[in-house]
Amino acid sequence: MHGKRITRKASGQTKTEAKNKLRAMLRDHEDGLTVKTNTYTVADAVRDWLAFGLAGRSPNTIANYRTIAESQIIPPLGARRLRDLSAEDVDQWLLTGSRKVSTRTLRLMHSLLNRAVRRAMARDKVKRNVVALCDVPTGKHGRPSKSLTFEQAEAVLVAADEFPLHAYVVLSLLTGARTEELRALHWRDVDLDGQPDADPPVLPSIAVYRSVRASGDTKTVKSRRRLAMPQRCVEALREHQRRSPHHPAAHALVFATSNGTPLDAHNVRRSFRRVVAAAGLDPTDWTPRELRHSFVSLLSASGIRIEDISRLVGHSGTAVTERVYRHQLKAILDEGTTAMDVLFPLDSELPSPNEG
C-alpha cells in the first residue's frame with residue numbers, strides 16, 4: 001500500500017512568485033528539511049537556545065541573557081519566520097539597536113542571536129545562518145570609567161571607616177583587586193602577619209586564586225596572584241575581624257552578608273554609593289570598579305612602571321592596563337621637559353656655533 005500522494009502548493013501575487021516559492025519547497029524537501037520549519041520563528045529559535053544551550057552558565061549570566069533576548073531580540077524579530085530572516089533584516093535590527101545601546105550590549109545581542117540560529121541550523125530548522133554574515137556597528141558611547149584623584153581617594157578612605165564596607169573599599173583601592181575577586185576572598189586566603197623575621201621579610205598578603213565567576217576561577221591565568229598588603233589594609237582587615245559577631249572560620253568569606261552568604265554586585269554597589277556620598281562626591285558618578293582604575297592611575301602618577309602595575313592587577317600584558325585603566329591625572333605631560341632640563345640645563349656651558 002503506497003498511501004495518498006503528498007502534494008505541495010504555493011501561492012503568490014504573481015505566477016513567478018508562486019513558482020519561486022514552490023521551487024524553495026522542493027529544495028527544502030531535497031535537503032531533508034521538514035515542512036514544520038515553515039512556521040518556526042526567530043522567537044522559537046531564541047527560546048529553544050535559552051532552554052537548552054546555556055548549560056554550565058551561572059544564574060546571573062542566564063538571567064542577563066534572558067533579559068537581553070526578551071527585551072532586545074524577540075520584540076523586533078521574534079514573529080518573523082526563521083527561514084525568512086535575511087541579512088538585511090539583521091543589519092537593520094543592529095543599526096536600530098546601535099542608537100539605543102552600547103557597543104558591548106550590541107555585540108552581546110548579535111552573539112545571542114547568532115548562537116540561537118546556529119543551534120536551529122544544526123537541527124535542520126533553517127539552511128543557513130544569516131546572522132553570522134552581519135557585522136556589529138558601533139553603539140552608543142557609555143560613560144567612560146575614571147579615576148579618583150589623591151584627595152578624593154583619601155576622602156573615600158576616611159568616609160568608609162564608618163561603614164561595614166570599610167575593609168572592602170580599602171582593599172579595592174590599595175591593592176587593585178577586582179570586585180569579583182574580593183567577593184570570593186576567604187579568611188584562609190588572608191595572611192595578616194607575614195614573616196617579618198624572615199630573610200628577606202615576608203609582608204602580609206592576600207591570595208587571589210578565585211572569583212565569583214561561574215567557574216570559580218579568576219578572569220585569566222595571570223590573575224591568580226598573591227598581593228602584598230599596605231599596612232592600612234592590614235589594620236582595616238583586623239578591624240573587620242573584630243567587628244564580626246563571631247571569630248570567622250578559615251573557610252568563611254571575608255566579605256559576606258549578615259547571614260554569611262556571598263555579597264552580590266548589587267549589595268556592593270548600594271553600599272559603595274553611601275560611602276561615596278559621605279565622602280562628599282556624587283554617588284551616581286562612581287562605581288566600585290573605579291577603585292581599581294584609581295589604583296592603577298595613582299600608582300602610575302607616582303612613577304611606578306606600567307609593567308609592574310600590570311602584574312599587580314593581573315593583566316596578561318600592559319595594553320589593557322594603559323588603554324582602559326590608566327587615566328591621566330596630570331594636567332600637563334612634563335616627563336619629556338623634565339628629562340631635557342637634566343640633559344640640557346639652562347646654565348650649561350655649551351660652545352656657541354661660532355666657537356671652535
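These legends go with a set of close-up views of a predicted model.

**View 1. The whole chain, before zooming in.** Start here to get your bearings: the predicted protein has 14 helices and three strands. Out of its 356 residues, 38% count as buried. If you take the contacts between residues at least 6 apart in sequence, 64% of them join residues at least 24 apart.

**View 2. The second largest pocket and what lines it.** This pocket has a volume of about 680 Å³. Its lining is made up of 25 residues, and the ones nearest the centre are His240, Val254, Ala256, Thr257 and Ser258. Two helices, H9 (231–243) and H10 (265–278), each put at least two residues into the lining. H10 gives the largest share, with six residues. Sorted by class, the lining comes out as 14 nonpolar, eight polar and three charged residues.

View 3. The peptide bond joining Asp199 and Pro200 is cis, with omega at about 0 degrees.

**View 4. Helix H11, and how much of it is hidden.** H11 covers residues 289–301, and its 13 residues should span 18 Å at 1.5 Å a residue; the end C-alpha atoms are 19 Å apart, so the two figures agree. Is this helix enclosed or open to the outside? Largely enclosed by the rest of the structure, because 10 of its 13 residues are buried. The buried set takes in Glu290, Leu291, Arg292, His293, Ser294, Phe295, Val296, Ser297, Leu298 and Ser300. As a reminder, an α-helix has 3.6 residues a turn, so residues three or four places apart point the same way. Just past the end of H11, Gly303 has a positive phi of about 100 degrees.

**View 5. Leu112 and its neighbours.** Leu112 belongs to helix H5 (residues 103–122). With a relative accessible area of 2%, Leu112 falls under the 20% cut-off and so counts as buried. Which residues does Leu112 touch, leaving aside those up to four places away in sequence? They are Trp49, Tyr65, Ile68 and Ile73. Take Ile73 from that group: Ile73 and Leu112 are 39 residues apart along the chain, yet their C-alpha atoms are separated by 8.7 Å.

**View 6. Asp124, a non-glycine with positive phi.** Asp124 sits in the loop between H5 and H6 (150–160). Its phi is positive, about 60 degrees, although Asp124 is not a glycine. Is Asp124 buried, exposed or partly exposed? Its relative accessibility is 41%, which lies between the 20% and 50% cut-offs, so Asp124 counts as partly exposed.

Technical notes: Residues numbered from 1 in each chain as written. Predicted model: local features only at pLDDT ≥ 70, side-chain atom pairs only at ≥ 80, totals over all residues. Heavy atoms only, no water. 1 Å grid on protein atoms, 1.4 Å probe; cavity = no way out; pocket = protein on both sides within 12 Å on 5 of 7 lines; lining within 4 Å. Points joined across faces, edges and corners; volume = space filled by probe spheres on them. Helix = DSSP H or I, 4+ residues; strand = E, 2+ residues; numbered from the N terminus. Nonpolar A, V, L, I, M, F, W, Y, C, P; charged D, E, K, R; others polar. Expected span 1.5 Å × (residues − 1). Buried < 20%, exposed > 50% of the residue type's maximum accessible area, 1.4 Å probe, protein only. Contact = heavy atoms within 4.5 Å.
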